[in-house]
Structures are given as C-alpha cells and as structure tokens.
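Student: I've got a chain to look at and I'd like to know what backs up each label. Can we go through it together?

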Amino acid sequence: MAHEVHTTEHTITVAAAPEAVFGLVERAQDWPHVFPPSLHVEYLERSGEEERLRIWATANGEVKSWTSRRTLDRAGLRIRFRQEVSQDPVAAMGGEWIVEALPGGASRVRLLHDFRAVDDLERNVSWILEAIERNSGAELAALESAALRTGTDEAPYTFEDSVRIDAPAQDVRDFLHDAGQWQERLPHVARVLLKEDTPDVQHLEMDTRTPDGSTHTTASVRICLPDGRIAYKQLQTPALMSVHTGEWSVREIPSGCVAVSRHTVVVNAAAVTKVLGASATTADARTFIRDALGGNSTITMRHAKEYAEERAGTEPVAPAEYASVQRFYAGQMRLLDEGEGDAWADTFTEDGTFDQSSFAEPVRGRAAIAAAVRGRPAAPAGTVRRHWLGLPAAWRFPDGSVRTAYDALVVSTAAGAAPVIRLSTSCQDVLVADGDGWLVSHRYVGHDGQ
C-alpha cells in the first residue's frame, strides 16, 4: 500500500529585494549562520543548476543528517529539493523554495514541503509535522533577519587564525577531536562534557574562562568530517553573539602541518551596550569577539602543537649539522643567483618536488625543475637579482629527514637605482642527507600577499 503524501506551506514577506533573498537560500554553505536548525552543509556535487548536498540539522532537538538533490531555477527564483535517503521517521521528503517579487521591492517567500512517514504511523506523521512547523517558522524568520542585516555591521563576518606545527597532521587532528580531554589540556577550559551518541556527531558543553576570571558556558554540535575537518555550531552562545559557527582544519605541509581555526559570527546588536558599555558599537563588539575567540583558538592550537611535537619526537638538529644546513643553503642560493639553473636543480633529489603558492601544480622531478628554471624570464638588462634567506629553523624528524622553515626575499637592483624587494616569501623544505651534504626532496614557497 502506498504511503500517504502530506504537504505543508509556510510563507513570509521580507522587506528586501527578491534576488538578495534568493541568494541567501541558494548559498547552502552559508545556511548554518542564517538558519537556526542548520548545523553544517557539504557540497557533494555541483554542476550548473543541479546540486547534491549533505546536510546536518536539528529537528525536535535531535541531530539529523541526510543527502539532498537541488535544482536551481535562478531566473524563476525557485529551488526544488528532494532528500535522497531520509532518516527515520521520515520515509521521503522534498519541497520547494519560491521567492516572489512584491510591489515596492519587497519579496514573498514560500516554503513548500511534501513528505511520507515511515509505516504511515500517526506518531511519525505528528513528529514530522512538528519538526517542519518549528523549523520552517524559524528558518523564514531567520531568512528575513539575514536579508535585513546584509551590508550592515550586523552581517556575518569570518576570520581565521593559524599555527604552524612541526609534527604529523594526524596527531593534531586527534588533539582537536578529543575535546573531552580539554579540561586537563587547556588552561582556559574550566569544565567540559562531551557526548558522541552518533558516530562523528559530538555534543560539546564547555565552561570557558575569560581574562577577568569569569566563565561562560557554551553548547555546540561538532560534525567530524572524513577528511579530518571538524565543523561546529554553538547552540548556546555568549550574550554578545547571536550566531557562532566554526571549523578546525589541519593542512599538511612538507615540514609538518598548519592548524587553522575559522570562525563566522553574527553580533547580537541588542546586547552590545549591555555587555560592553553604553558607548560601545557593533564594530567594538566585532573587535572584542575577534580577540576573544581568536585568542582561545590560538591557545588551543598552541597546546595541540606542543602535544603533537612531543609525540612526534622531533628535535632541533645538532650544532654541527645545523652549520652544514646553512652551508647548503648558501651554496644553493649562490647557484641560482649566478644563473646555474641545472646545477641548482641538482640540489634536489631525482624525484624532488618544487611547489609555490603561485603554481597551479607542483613541479616534480629534477629534470622538470631544471627546465622550469631555464624557462624563467630573465632579469631586464642591467638589473641584478639576489636571493636572501633568513636563518632557517631546522628539526630532525623520526624518519631521518631534516625539515626546515625560513623566510626569503628576492631583491632586484637596476643599474644606478636603489634595491627593490621583488618578492617576500615563507618557505618549508624537507632535506635528506647526501653524503656530507643535503638534497631537497620537497620545497614549498608561499608568496606573501597571495
């Protein structure tokens, strides 16, 4: 017997242009800081007007996850959606967002749902209707608020902090994943309660100390993703924020990894003067939040660094070995400055890799590196280019390699003119022993300002 199809419709009028309202619905990656029930969204496929999404959201106090397909009609300001695999008690669900233009530049938003309940049980139908009613009302009200704050100081803003770590990425990811141990590991955490009833969905409640000695309580849902990222949304925020979402990620680099903390915040304008004083502005609140969240995130990442580097067993190289590394770099840069491109490429291993932030793809193999150097544009006639390297930091890793980090400048001097800094870079190398010397097995050059 076919299950009964139930339908609902919810509407709201928004004092904003239809295209602006439609854009908020279209940008699914922004939903967690627009719609209260939304926790995280991942794009699985994107092709023209067709999209496939993995969505995590709360429904009647429970975290649910599903995969949906969307068809975007941008000209008609309509988005149709259909869940591929629904979660009990939903047997199937779909619907449509419709944005209609109203006189005077306003918009009417219609949110349609159709669904079937598992086994057509009345309790399942009631549960779904209750969830749709609660979520749809919250989503439409939030959509209106988001549209009205677009372009103001109350719009969401995002910032990042990062810490370089001389250890394998997995140890850092483990530290960030094991938030249940943060009370013992982090000085600003006074209490922590972590539950993971569903694999990779963590409920985290935490008391955090502030610089004045007080504490505030936050409650978050953390989604632990297959690639090691942890996306989270605070369900209980400090008074100064109405929305706070974030993500922990760890990026591997040749000499270890880089931990990155990203925050997206919406200021609670109604609380600004109450929390920060009568003369405080939303801009002041942004600065306060940036310093507080960024400071705590950086403390967390620095403790992750200490934890991971201790586990990795990395240690600074011995003085004599460090001197040999310095000699290696002095000779290598001299070859480059004197135009000895093939000899410079010979300072890489046969299968070495040279990568730059300006490259679409790394250059791999000594022969390809040599060809790339020969293909570089020559300096203008009468101009001399020099490479200057700062003192490298160097660590020996358990695999026997030495990994270095250093800054480098490219200085260009035309005849009769003052020197000009052409490039400012930050570099990381993996060095392997070659007799009494060294070869580069991997180099990454990051250009400042990119």
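Predicted model: local features only at pLDDT ≥ 70, side-chain atom pairs only at ≥ 80, totals over all residues.

Student: What makes the stretch around Leu102 a loop?

Tutor: Leu102 sits between strand 6 (90–101) and strand 7 (107–117). Strands are E runs, so Leu102 belongs to the loop joining strand 6 and strand 7.

Student: How do you know that Leu102 is in contact with Thr13?

Tutor: Contact means heavy atoms within 4.5 Å. Leaving aside neighbours within four places in sequence, Leu102 has Thr13, Ser107 and Arg108 as its contacts, so each of these pairs has heavy atoms within 4.5 Å.

Student: What makes 48% of the residues count as buried?

Tutor: The cut-off is under 20% relative accessible area. Of the 450 residues, 48% count as buried, so that share falls under 20%.

Student: And which domains is the chain divided into?

Tutor: Domain 1 (6–149), domain 2 (157–312) and domain 3 (315–447). The centres of domain 1 and domain 3, over C-alpha atoms, are 52 Å apart.

Student: What about the charges: how far apart are the mean positions of the positive and negative ones?

Tutor: They're 2 Å apart, for 46 positive and 64 negative charges.

Terms used. Residues numbered from 1 in each chain as written. Heavy atoms only, no water. Buried < 20%, exposed > 50% of the residue type's maximum accessible area, 1.4 Å probe, protein only. Lys, Arg positive; Asp, Glu negative; His and termini not counted. Charge placed at Lys NZ, Arg CZ, Asp CG, Glu CD. Domains from an automatic or database assignment. Helix = DSSP H or I, 4+ residues; strand = E, 2+ residues; numbered from the N terminus.
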